[in-house]
Amino acid sequence: MASHYEAPIRKPLVIGDKDYHDVSVDISAPIEGRANRQWWIVFSIALAALLWGIGAIIYTISTGIGTWGLNKTVNWAWDITNFVWWVGIGHAGTLISAVLLLFRQKWRMAINRSAEAMTIFSVIQAGLFPIIHMGRPWLAYWVVPIPNQFGSLWVNFNSPLLWDVFAISTYLSVSLVFWWTGLLPDFAMIRDRAVKPFQKKIYGLVSFGWTGRAKDWQRFEEVSLVLAGLATPLVLSVHTIVSFDFATSVIPGWHTTIFPPYFVAGAIFSGFAMVQTLLIIMRKVSNLEAYITVQHIELMNIVIMVTGSIVGCAYITELFIAWYSGVEYEQYAFLNRATGPYWWAYLLMMSCNVVSPQIMWFKKIRTSIVISFIISIVVNIGMWFERFVIIVTSLHRDYLPSSWTMFSPTYVDIGIFIGTIGFFFVLFLLYARTFPVIAQAEVKSILKSSGSKFKKLRDAGKPLYQMPVEKAGVKEVKKTTAPADNQDGKVSDLLSKLGTFDPAKEKADDLKKVKGIGPKMETTLNQIGIYTFAQVSKMTNIEYDLLDEITGSFPGRAQRDDWAGQAKKLNKNS
C-alpha cells in the first residue's frame, strides 16, 4: 500500500466512484457504440473542408504555384507559414508522452494518447506543404540522397531545408512507433471485449498478440522508456532545425540566434493549446469528464501560461537586440512589423500570444472550461499570425524600395489551408471512433492512488477492495435501500414493467455476466429491485430511458450494450 500512497492534499485525477471495470467500459464506449449526431455534424464539416482542399491542391498542381499569391519579392508566404504552424502543433504530443513520462508525471496519462495522435496527424499536414510548393510533387524523392545508379543527383547537405526532411521524417517515425506501442494494451482490451468476430480479428492483429503477462508488461515498460529517451531530444531538435530555415539566412528579421529556443517555446505553446482545444471537445462529446478533469485543464493552462511568457520574453529580446545592434536594416525590419502595412497582424500576434495567456494567473479563470477553450483557440490564431509576421513582413520590403510589394492570399491559398484543417479533423474524428482515446492501462495503474473513490476509502481507513460475499456457491442477496434521491415513483413505474423480485421464491442472478454491468452497476440495480436476467430481458427503449433517469450515470449504456438481448440469452442458458 505504501507504494500507492499519495499526499491527501493532491486532488484526484480520476473523479467519480470508478473501478477497473468502469474504466474499461467508459473508454471503450465511443468505439463500441454508434456515433452520435454531433460527431456526424463535425465529421461532415471536416470532410467538406478536406474536399475543398483536395480540389485546391489538384488545381495548384495542374496549373502551377502561380495560382498562389506569391510574387517576385514574397516567394514564401502561406505555404511556409502553415508548414511551421503545423509542425509546432505536433510538438506537444511528444512532450506530453516522452518528457512527462520520464519525469513520472501522472496527470499525463489521461491526455497523452490524444496528444500523440495529434502529433501524427499534424506532422502529416505539415509535410504536405513543402511537397506542394515544389510545383512537381512527383519529384519529391529528389530531396532524398539516393544512390548514383538513379543518376548524378546530389542534394545540398548544407541546406536547412534538407535537414528539415530528415528531422521531420525521424520525428514522425519515432512518434508513430511510440504511439502504437502505447496502444497495444488498449487494443487487447478492445479485442477481448469485441462481440463481432471481424472486430476481434482486426484488434487481435493490431495488438500484436498482447496477452497481459508479466513479461509483456516488462517489455512494454522497457520499450516505452527507451522510446521516450529517443523522442525527448526530438522535442528540441525538430523545431530548432525548422528555425534554421530562417536563422541561417541574411535577411533582416531572420538572421538571429534566438530563433531556435524561441521557436521551440512557441511550438510547445501552440501544441499545448491545440491539445487543450481537442481535449475540451472530446471530454464532452465522449463523456470522459471523469478522466479528463478540471485539474488536467488547469495544469495544461499553467504550461500554456509559462510558455506564453517565454514567447513574450523572446519578442522583447528581439526588439532589444534589433535596437542594441545598431544595424539600421534590422531596426527597420522590426519597426515595419509594428507600424508598417501589416501592423494589424503584429497587433493580433502580440494580443493573442502575450496578453491573453497572462489571465491564467487567476485560478478561477484557468479552471474555467469555457475560458480555457476560448484561450486555446486564441493562442493558435496568434501563433499562426506570429509565423505570418516573421515570414511575410521580413520579405515584402527588401533592401531596394523598387522591389517592395504586398502579399495577398488567393482563394487557392486559403482553400489548401482549410483543406489541411479538414484533413486533420477527419483523421482525429476517425481515430476517436476506432482507437481508445485514453490509455486505459495507465489510468488503471494510478486509480488506487489518484482515484477519488480510493482516496475516500483510504481517508476513512477502509480497505480498498473487498471480496464479494458468497454462501455455499449461492450469491447472497443483501437487503438494500432505494437510491439516495428516493425517486419512488420512477422506481415503481420501472418495476411494474419489469416485475418484482421475491427473495423467498427466486434466486438472484449474477448480473455482472451482462456486458456493461460491473459490480457498482449491479449494486445500483439491486437497490432499485432488479436482481434477475428475466427482469433485465424485459427492458425496451422506454425502460432504458427510465433507468437512466433513476441512476443518473452512464446514459445510454444499457441500450448501447443491449442488456435486454444479452439477458435473454443468459436466461435461457441458466
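Me: Which residues does Y262 touch, not counting those up to four places away in sequence?

Reply: Bear in mind that this is a predicted model. Here Y262 touches V311, A314, Y315, E318, E386 and I390, once residues up to four places away in sequence are set aside.

Me: And how do I read the nonpolar core around there?

Reply: The general idea first: in soluble globular proteins, nonpolar side chains tend to be buried together. In this case the largest nonpolar core has 114 residues, and Y262 is one of those with the most contacts inside it, along with F83, F246, F272, F388 and Y431. Helix α9 (residues 259-285) gives the most to this core, 15 residues. Another core, of 22 residues, lies apart from it, with I528, I530, F533 and Y544 among its members.

Me: What about helix packing, say α2 against α15?

Reply: Two packed helices are described by the angle between their axes and the distance between the axes. For α2 (residues 37-63) and α15 (residues 411-434), the axes come within 6 Å and cross at roughly 140 degrees. Angles over 145 would count as roughly antiparallel, so α2 and α15 come out as oblique to each other. The crossing of α2 past α15 is left-handed. As for residue classes, their contact has 20 nonpolar, five polar and one charged.

Me: Is R113 buried or exposed?

Reply: Buried means under 20% relative accessible area, and R113 is at 0%, so R113 counts as buried. You'll find R113 in helix α5 (residues 112-133). Beyond its neighbours within four places in sequence, R113 is in contact with W179, G182, L183, D186, Y431, P436, V437, I438 and A439. Y431 is also among the residues with the most contacts inside the largest nonpolar core.

How values were computed. Residues numbered from 1 in each chain as written. Predicted model: local features only at pLDDT ≥ 70, side-chain atom pairs only at ≥ 80, totals over all residues. Heavy atoms only, no water. Core = buried A, V, L, I, M, F, W, Y, C linked by side-chain atoms within 4.5 Å. Buried < 20%, exposed > 50% of the residue type's maximum accessible area, 1.4 Å probe, protein only. Helix = DSSP H or I, 4+ residues; strand = E, 2+ residues; numbered from the N terminus. Contact = heavy atoms within 4.5 Å. Axes fitted to C-alpha atoms, helices over the stretch in contact; angles between N-to-C directions. Parallel < 35°, antiparallel > 145°, perpendicular 65-115°, else oblique. Left-handed = near helix turned anticlockwise from the far one by under 90°. Nonpolar A, V, L, I, M, F, W, Y, C, P; charged D, E, K, R; others polar.
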